[in-house]
Amino acid sequence: MKFMKLGSRPDTFYNSESVRSVSSEVSSDLVVQVNGTRYLLHKFPLLSKCLRLQRLCSETPESSQHQIIQLPDFPGGTESFELCAKFCYGITITLSAYNIVSARCAAEYLQMTEDVEKGNLLYKLDVFLNSCILNGWKDSIVTLQTTKPFHLWSEDLGITSRCIEAIASKVLSNPSKVSLSHSYSRRGRDKDDISCNGNRTTSSKGWWAEDLSELGIDLYWRTMIALKSGGKVPANLVGDALRIYASKWLPNVSRNVENEGDCNGGEPTLSNSKSRLLLESIISLLPMERNAVSCSFLLKLLKAANILRASTSSRTELARRIGLQLDEATVGDLMIPSSSNDMMYDVEVVSNILEQFMLQGQSPPTSPPRVKGRFERHRRSRSANNGDFELQESRRSSSASHCSKIKVAKLVDGYLQEVAGDVNLPLSKFTALAEAIPDFARLDHDDLYRAIDIYLKSHPNLNKTERKRLCRILDCKKLSMEVCMHAAQNELLPLRVVVQVLFFEQARAAMAGGQLTDLPSNIKALLAAQDDASRPHGSLSTNRSMVQPEDQWSISGLKSPRSNLSTLRMKLAEDDDLGVNFHDGISKANPSKVKQLCSIPNRPKRMFSKLWSTNRSASEKR
């Protein structure tokens, strides 16, 4: 911290409850009233340096002993006035970054200019501010913070803009290595080595972001705009700075809003309004570059935006940016509370994010166009290398997009499992989100089946049509053995799905064992399309050892007396869906060959027979 002392006389101001005076052999002849405090002073030292006091004295009639001057709304109050008065008397005063703004505004108010006296207070304050205060990093930030109580004065005098320019110039000079001793000195690290001559030490990358987070949002916003306009600060550093600022000023948003909402009957409070303004300002400062901030941070901002009911434009912008890097998110990140009371989570905004993600890379990679014309033969050899490079880059981008869609498919299925238990979640929103994933992106449908099972249990009043609509998105060919066994006993599923699960599992086992060679070609194609190469957990032998005996997905769980597989016979007899053809080409199969498939004494048939007998014996014992 830099200090400057002016004057040489010791402090001779004497204070009482409401009257302050200067010790002197000469009687006071001037009374100055500042915010209810009376100062018994002398005209000569004050009028010789303060043009405003000269004018006021000339306009005020003199009394027998004292002339009284009123100074209403004095900037900085009594402390600032005393500092100026002591300067006029030659009493030593100390200036620093903490009081230079108030002193500068007070001196401006009293018009202590060079026209009144050479070397007056205004001149000395400006020299100290420009040559020393604004050359120090910590002092510049402290000075900028102290401008807030004197907002209009600081703006008119240009103090605020000069502080912002000084801070920005120091960051822009070397964005990755700026000595930000303000935060590090508080932590017992390096002290501030910046002096009036401008020398400074270097520090680690990112120190400046923590110090700037001390600023209020209005000053912070202006400072960050100045940094971004300089064009030298990397986007990732800007993103880190915004993350630090948000974590400091937006902690526990949901808990605070919930508590205040309970106390105010759900009405918006002043605190919520300030938080909303702060959040929208942070969103407006986000760098345009992709991956400048993490997807997790963007989703946290979106959660806060929903809770604070930020503007639609802010939420839309966040959803768009999240969609660009959705493959980096986790299921927990997507659990965004709903702004309405209908549903627990905002499924609609996740659907919008997924839509933005799917809009990326829709144009398939194409080979570069051929060059036509009379010079084609000469140009072709020169453009061949560039064309091959562009094609390779396009294919590489397409491959990355394919992998990211597979990640997002897994993410969405996990999210569906979390929100499926919401009793207020409409079927249309659930199916729309599930169907937004392309077929190739789901390597298996195990997680999707679990989500559907949870939804069926949480919505027991679904009719037959709605259950069929829900299960239409499920591909039985992509279910693992454990999930197939669970589906075979799930009485909440439509009969068509249960029969399809049994049929495909029989056919798959027959193909794997080589016991059936004359399956219809369309069924062979269906079964071959879901080879275990794309479903590593589809093998019973590799997964059985990992399943807990009491787990609901295990084979042993199916053998328990509580198994509902015995209800299948009744469902087969009562349901009228048996006449409906299976999807994906099963209806085209030769009935005799299908009958032959189901009558083969292979391992799956023995397994299902064992399950039937086990369930029957358990029922008889009861």
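Helix α24 supplies 3 residues to the lining of the second largest pocket, the largest share. The structure is a predicted model, in which local features need pLDDT of at least 70 and side-chain atom pairs count only at pLDDT 80 or more, while totals for chains, interfaces and linings use all residues. Residues are numbered from 1 along each chain as its sequence is written, and side-chain values use heavy atoms, with hydrogens and water left out.

Rolling a probe the size of a water molecule over the atoms shows where empty space is left. Here a pocket is an open set of points on a 1 Å grid over the protein atoms alone, where a 1.4 Å probe fits, with protein on both sides within 12 Å along at least five of seven lines; lining residues have an atom within 4 Å of a point. The second largest pocket holds about 450 Å³ of space, a volume being the space filled by probe spheres set on the points, which are joined across faces, edges and corners. Its lining has 22 residues, and C471, R472, I473, L474 and D475 lie nearest the centre. Two or more lining residues come from each of α20 (427–435), α22 (464–471) and α24 (495–513). Helices (H or I, at least four residues) and strands (E, at least two) are DSSP runs numbered from the N terminus. By class, 10 lining residues are nonpolar, 3 polar and 9 charged; Ala, Val, Leu, Ile, Met, Phe, Trp, Tyr, Cys and Pro count as nonpolar, Asp, Glu, Lys and Arg as charged, and the others, Gly among them, as polar.

Two of these lining helices also pack together. The axes of α20 and α22 come within 10 Å and cross at roughly 20°; axes are lines fitted to C-alpha atoms, for helices over the stretch in contact, and angles run from 0 to 180 degrees between N-to-C directions. The two helices α20 and α22 are therefore roughly parallel, since angles under 35 degrees count as roughly parallel, over 145 as roughly antiparallel, 65 to 115 as roughly perpendicular and the rest as oblique. Their crossing is left-handed, the term for a near helix turned anticlockwise from the far one by less than a right angle, with clockwise being right-handed. In α20, L427, F430, T431 and E435 meet E466, R469 and L470 of α22, where contact means heavy atoms within 4.5 Å. This contact of α20 with α22 has 3 nonpolar, 1 polar and 3 charged residues.

Helix α4 takes part in two further pairs. With α3 (residues 77–89), α4 (residues 100–110) makes a crossing of roughly 70°, the axes coming within 9 Å, and α3 and α4 are therefore roughly perpendicular. This crossing of α3 and α4 is right-handed. From α3, S80, L83 and C84 meet S102, A103, A106, A107 and L110 of α4; the contact has 6 nonpolar, 2 polar and no charged residues.

The axes of α4 and α5 (residues 121–131) also come within 9 Å, but cross at roughly 150°, which makes α4 roughly antiparallel to α5. The crossing of α4 and α5 is left-handed. Residues I100, A103, R104, A107 and E108 of α4 meet L121, L122, L125, D126, F128 and L129 of α5, giving 8 nonpolar, no polar and 3 charged residues.

Finally, two loops deserve a look. Most residues other than glycine have a negative phi. N35 has a positive phi near 50° and sits in the loop between β4 (30–34) and β5 (37–41). For R309, phi is positive too, near 60°, and the loop that holds R309 lies between α15 (295–308) and α16 (312–324).
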